[in-house]
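Good morning, and thank you for joining.

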Amino acid sequence: MRWISHLILLTSIFFPLHPVVGFQHTIPDPNVASQLISRLSGNDSADKGSILDETLASEGKLIVAVLAQVVDRTATRGTAQEWQLLLNSDVSARSAIHGLVMLAAAPGREEKSRQFGTILAKQFSASSIDGVSRFLARMLGSLGNSVAVDVLRGSVVADQQWSDETIRSLGSISGPAALKALISLMQDAPTRWKPAIAVALSLRIPSPELIGVLESGLLDPDDRVKIAALDALVALGAESAMKPAIDRLLAAEPQQKGSHSQRVLELALRLDANQHEIYARNLLDALLLTPGVPEKRRIVATRLRQQVGSWRSLFDGASSKGWIGNTDGYQFSAGEILCTAGNGGNIYTQEEFDDFIVRFEFKLWPGSNNGLGLRAPSSGDAAYAGMEAQILDNSAEKWANLKPYQYHGSIYGVIPARRGFQKPVGEWNQQEVRCDGRQVRIILNGQVIIDADLDAVSLGGTIDGRDHPGLKRSSGHIGFLGHGDAVAFRKLRIQPLNRTPDPQQPDDSQKEK
């Protein structure tokens with residue numbers, strides 16, 4: 001601890017009152033940050049934890065002292081030798097602070113992160129130097145704690161010249177506070193920063209409020225804001241971007257048709273990914289009817305139109321036609337397949353599929369449990385004889401102690417899914433499952449929750465320790481595997497994937513089913 005006493009002594013000598021980062025008039029002791037870096041680069045995790053505690057003590061005096069060595073690298077001062085010494089200490093200080101940020105941002109250190117964020121936010125508010133403020137904004141973004149949201153937002157409203165960095169940092173902070181700040185800035189910030197704010201919003205999960213503020217941006221008198229808002233809506237796959245995207249394509253000069261066509265193509269891809277295949281088809285039809293579209297873009301649009309036009313329904317909306325198995329355990333009507341409480345069992349598509357993308361919506365009741373059979377035979381336990389992707393109410397207390405591979409979206413016993421993306425019970429969720437060769441990818445409400453190679457995850461045995469011969473199947477039925485709980489399904493459709501046969505592999509018809 002002697003080095004901390006030495007540091008506090010130096011701090012009292014060089015900065016006797018209120019230290020303001022970036023204002024060194026005396027060359028600081030470079031050992032302060034260097035000693036931190038040396039300890040941070042070690043392998044002792046317990047020591048790293050104690051470093052964080054030590055630096056946060058006494059309202060972060062140690063952190064403030066290190067930050068006092070950060071300079072604006074564009075503003076030289078003193079002799080060449082003095083400036084070089086300042087730059088050397090600046091490099092050490094930035095490295096030390098970055099290392100501390102990484103420690104504080106680690107899972108399980110939420111309170112330390114909040115304390116660190118409070119200290120950095122206070123220093124950010126006190127700084128008026130461009131290079132220093134940019135560094136502090138970046139560190140607040142890397143830390144990702146919402147405690148900094150208000151000071152970051154205030155900096156943008158005040159039209160500070162480093163607001164571009166501040167906006168990027170706000171975009172890096174997850175949670176509703178940062179999203180609310182970005183939405184309000186899109187309305188209240190100086191016009192010159194609104195394009196950057198639109199970019200930050202384009203990286204968020206869509207919500208009606210977010211889409212609404214971007215749609216308002218389409219009416220802004222500044223064309224840069226209009227374009228940024230449109231591009232953000234395109235990135236989010238919003239249907240409201242269709243008309244302005246086509247309008248700009250129609251109005252574009254011949255030499256600009258290519259870039260505007262590309263925007264329309266990107267929107268069509270996003271709409272398709274968001275399960276709005278009809279909108280995507282209509283948009284591509286409009287593009288193909290527009291004169292002056294470059295031939296290369298037209299070729300891409302034609303291929304994409306064929307792709308989005310290849311979806312077909314797995315359910316006629318009114319009957320069990322096309323389904324086999326325990327169809328009496330489900331109700332097929334009003335556009336939904338409903339498994340009521342106390343009923344269920346297994347139902348399968350009459351047709352078998354090999355490589356495909358299947359999309360559907362599902363609605364859960366409290367404690368719901370069902371499953372999605374993939375490449376499954378029409379008899380036996382689909383979780384082992386084929387594959388079963390869990391359909392489960394993750395929020396139910398009775399499922400609180402399941403294995404990771406038993407929660408929603410997981411390939412049962414084989415691949416755990418990421419959690420946290422289900423909508424509340426009673427709301428419709430969107431899900432996409434792609435089985436392409438040995439690769440399985442599952443998207444829930446726009447978020448990838450599984451993306452895995454079946455051979456890799458089963459090499460040496462599966463995580464549940466059981467045999468899963470169904471993982472080797474190359475084709476089979478798609479099904480719903482009921483367990484007596486209420487679940488509803490709708491908008492089931494499939495897109496078979498056309499794969500080029502491998503001459504080294506046997507024909508699928510010869511493989512064991």
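This is a predicted model: local features need pLDDT of at least 70, side-chain atom pairs count only at pLDDT 80 or more; totals for chains, interfaces and linings use all residues.

The protein contains 18 helices and 13 strands. Of its 513 residues, 48% count as buried. The exposed surface comes to about 24400 Å², and carbon and sulfur atoms supply 51% of that area. As for contacts with a separation of 6 or more, 66% of them involve residues 24 or more positions apart.

Let me turn to the helices. Two packed helices are described by the angle between their axes and the distance between the axes. Helix 6, residues 130-143, packs with helix 8, residues 163-172, at an angle of about 10°, and their axes are 8 Å apart. Since angles under 35 degrees count as roughly parallel, helix 6 and helix 8 are therefore roughly parallel to each other.

Which residues of helix 6 and helix 8 meet? From helix 6 come Arg 134, Ala 137, Arg 138 and Gly 141; from helix 8 come Asp 164, Glu 165, Thr 166, Ser 169 and Ser 172.

Is Ser 163 buried or exposed? Its relative accessibility is 0%, and therefore Ser 163 counts as buried. Apart from neighbours within four places in sequence, Ser 163 is in contact with Ser 155, Val 156 and Trp 193.

I now come to the strands. Strands of a sheet pair through backbone hydrogen bonds, either parallel or antiparallel. Strand 13, residues 487-496, is mostly covered, with seven of its 10 residues buried. Which strands pair with strand 13? Among them is strand 1, residues 312-313, in the antiparallel sense over two bridges; there, Arg 312 has Ile 494 of strand 13 as its bridge partner. Strand 4, residues 336-339, also runs antiparallel to strand 13 and is joined to it by four bridges. In strand 13, Phe 489 stands opposite Ile 337. Strand 6, residues 356-364, pairs with strand 13 over eight bridges, again in the antiparallel sense, and Leu 364 has Val 487 of strand 13 as its bridge partner.

There is also an open sheet of five strands, in the order 2-5-12-7-8, with antiparallel pairing. Strand 2 (323-325) and strand 8 (387-392) stand at the edges; each has a single partner strand, so one side of each is left without a neighbour in the sheet. Direction ignored, neighbouring strands of this sheet are turned by 25° against each other on average. Within the sheet, strand 7, residues 369-376, and strand 12, residues 477-481, run antiparallel and are joined by three bridges. Ala 376 has His 477 of strand 12 as its bridge partner.

Arg 375 lies in strand 7, and its phi is near 50°, a positive value in a residue other than glycine. With a relative accessible area of 1%, Arg 375 is buried.

Where is Asn 445 placed? Asn 445 is in the loop between strand 10 (439-444) and strand 11 (447-453). Phi of Asn 445 is likewise positive, near 50°, in a residue other than glycine. Buried means under 20% relative accessible area, and so Asn 445, at 17% relative accessibility, counts as buried.

Thank you for your attention.

Notes. Residues are numbered from 1 along each chain as its sequence is written. Side-chain values use heavy atoms; hydrogens and water are left out. Axes are lines fitted to C-alpha atoms, for helices over the stretch in contact, and angles run from 0 to 180 degrees between N-to-C directions. Angles under 35 degrees count as roughly parallel, over 145 as roughly antiparallel, 65 to 115 as roughly perpendicular and the rest as oblique. Contact means heavy atoms within 4.5 Å. Buried means under 20% relative accessible area, exposed over 50%, partly exposed in between (1.4 Å probe, protein chains only). Two strands pair if DSSP finds at least two bridges between them. Accessible areas come from the Shrake-Rupley method with a 1.4 Å probe; for residues, only the protein chains shown count as cover.
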